[in-house]
Each structure stands twice: as structure tokens, then as C-alpha cells.
Amino acid sequence: MDHPLLSRRSHRAGPDVELTTGIRLPLARVHEACGRARRSFAMMIAARTSGHVYWIAPSWTPDQLNPEGMRRFVDPARFTHLGPTRPEDVLWCMEEILRSGTVPLVVADIPGLPGLTQVRRMHLAAERGLEEGMCQPLGLLLTPGQGGAQGVESRWRMEPRHDDTRELWRLERLRARTDPQRTWHITHGQQGFVPAPVPPWPVDTDHPQAAQDGYGAAQGIRRA
């Protein structure tokens with residue numbers, strides 16, 4: 001049985017964060033990002049918001065963010081880092097921050113998948129933050145492997161596709177409530193992150209340099 005505070009009502013269209021043309025994440029909702037470049041995706045979203053960002057990751061996680069790796073995406077001074085010592089406190093922190101409506105972006109870098117009820121509670125918290133807080137909060141869950149959190153507003157997977165001349169990422173919208181599945185290639189230009197042509201070369205997904213991309217923002221690797 002669902003929690004009595006939860007409902008199955010549909011979410012009405014509203015404002016969103018636009019990464020680039022056609023890539024939008026509705027505000028006051030919780031989204032999911034997976035793939036080796038999921039942390040880089042979170043940095044790109046942070047760059048499209050203004051104000052403070054809360055980044056929540058378990059204290060025992062070895063891959064903590066490196067300010068030097070973040071700087072090329074976004075000012076690391078905007079971030080407050082929280083390191084809960086108990087697994088259950090990670091999503092609790094996210095829920096409470098979303099409910100407060102005091103920051104535009106809350107990211108939880110988690111080692112597993114949350115339950116459906118937890119995700120629904122976070123949606124409700126984000127909606128409460130929208131109604132009573134000072135901003136329109138967005139929640140982003142970073143999940144391992146292929147992701148798969150139930151109940152999220154949208155799910156994205158980003159993988160590195162760098163070559164010797166440019167940084168390139170393959171971004172997939174795996175699911176969304178109102179939009180179909182779609183794939184983009186994006187790169188970094190003078191106007192920020194922009195769509196790029198599909199690369200004509202074969203991509204070696206096992207290339208060591210590409211494999212490091214998911215930890216670029218954490219370890220300060222140039223091609224994060």
C-alpha cells in the first residue's frame with residue numbers, strides 16, 4: 001500500500017532546466033543519470049542553474065569530487081558537500097533539502113537504486129519546496145551501472161566518446177514521462193555544451209582514456 005501522503009496524480013508541465021536544444025529536465029521533480037559520465041552530466045546541469053548546489057555522497061565512497069576537475073564545468077565554490085555516514089541518511093538529506101526549497105539543485109551520488117516509495121517522497125518534497133521555498137528545486141540521482149530507479153521523472157545515460165581533437169559525449173534519454181527515447185552527441189563550445197554531429201569513426205568503448213571519464217570530475221582528469 002502506498003504511503004497516505006503519496007498520490008499517483010500526473011505531473012503538469014512546468015519550467016525546466018535546458019542543457020541544450022531538446023535536452024530539458026523539468027523542475028520540482030527528481031531525475032536519474034547513469035553511465036560512466038554521469039558525474040560530468042551533473043556538472044553540466046549545475047552549470048545551467050544559478051545559486052547554490054548540494055552534493056550528497058556517502059562518506060565511505062572513495063571517489064569524491066575534486067575542485068580542479070569541477071572548475072572547467074562550474075565554479076566549485078557554489079557546492080556544499082554532505083557525507084552521511086549511514087546509507088539511509090543519503091536520501092533523507094536529499095528529501096529534506098528539496099522540501100526546503102532553498103537551493104536550485106540537489107545531487108545524490110548513490111551506490112545503489114532507491115525504492116519507489118523513496119522516489120515518490122522526494123517528488124513530493126520537491127513540489128513542497130516549489131510551493132513554499134525560495135526557488136524551484138531539481139533533484140538528480142546518480143546511480144551505478146545502467147540505472148533503473150523506479151518513479152523518476154526522467155532517466156539519462158551519458159558515456160564518453162572523446163577523440164584526439166575534441167571532447168564528445170553520447171547522451172541518451174532512456175525514459176521520460178512525456179518525451180520519447182532519443183540520443184544526442186554533445187560537445188563543449190564557446191556557448192557551452194552544444195549538439196555535435198554523430199562521430200564517423202568507430203568508438204572503442206574499452207579505451208582506457210574513455211573509461212576514466214566517469215571519474216573525471218571526481219579525480220580532476222582533463223577529459224571528465
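Helices (H or I, at least four residues) and strands (E, at least two) are DSSP runs, numbered from the N terminus.

What we have here is a predicted model, in which local features need pLDDT of at least 70 and side-chain atom pairs count only at pLDDT 80 or more, while totals for chains, interfaces and linings use all residues. Residues are numbered from 1 along each chain as its sequence is written, and side-chain values use heavy atoms, with hydrogens and water left out.

On confidence, pLDDT being the predictor's confidence in each residue, from 0 to 100, the chain has a mean of 83, and 80% of its residues reach 70 or more. Strand E3 (residues 30–34) has the highest confidence, at 98, and helix H5 (residues 208–211) the lowest, at a mean of 41. Two stretches call for caution: residues 1–12 stay under 50, with 14 contacts in the model beyond four places in sequence, and residues 204–224 are also below 50, with 54 contacts beyond near neighbours in sequence. Where pLDDT is low, the predicted coordinates should not be read in detail.

Turning to the fold, the chain has 6 helices and 11 strands. Of the contacts in the chain with a separation of 6 or more, 72% are between residues 24 or more positions apart. Buried residues (under 20% relative accessible area, with exposed over 50% and partly exposed in between, using a 1.4 Å probe and protein chains only) make up 50% of the 224 residues.

Helix H1 (residues 38–47) is mostly covered, with 9 of its 10 residues buried, and among them are Arg38, Arg39, Phe41 and Met44. Tryptophan 169 sits in strand E9 (residues 168–176) and counts as buried because its relative accessibility is 0%.

What does the buried side of H3 pack against? In H3, the buried residues include Leu91, Cys93, Met94 and Leu98, and the buried residues of this helix pack against E3, strand E4 (53–56), strand E5 (79–82), strand E6 (105–109), H4 and strand E7 (138–142).

Helix H3 (residues 87–100) and helix H4 (residues 116–132) pack at an angle of about 25°, with their axes 6 Å apart, where axes are lines fitted to C-alpha atoms, for helices over the stretch in contact, and angles run from 0 to 180 degrees between N-to-C directions. H3 is therefore roughly parallel to H4, a label for angles under 35 degrees, with over 145 being roughly antiparallel, 65 to 115 roughly perpendicular and the rest oblique. The contact is made by residues including Leu91, Met94 and Leu98 of H3 and Met122, Ala125 and Ala126 of H4. After H3 comes glycine 101, whose phi is positive, near 60°.

A positive phi near 60° also occurs at alanine 28, a residue other than glycine. Alanine 28 lies in the loop between strand E2 (23–26) and E3, and counts as buried because its relative accessibility is 3%.

Finally, the cysteines. How many disulfides does the structure hold? The structure holds 0 disulfides, a disulfide being a pair of cysteine sulfur atoms within 2.5 Å. Cysteine 34 counts as buried because its relative accessibility is 0%, and cysteine 135 counts as buried at 19%.

Conventions. Contact = heavy atoms within 4.5 Å.
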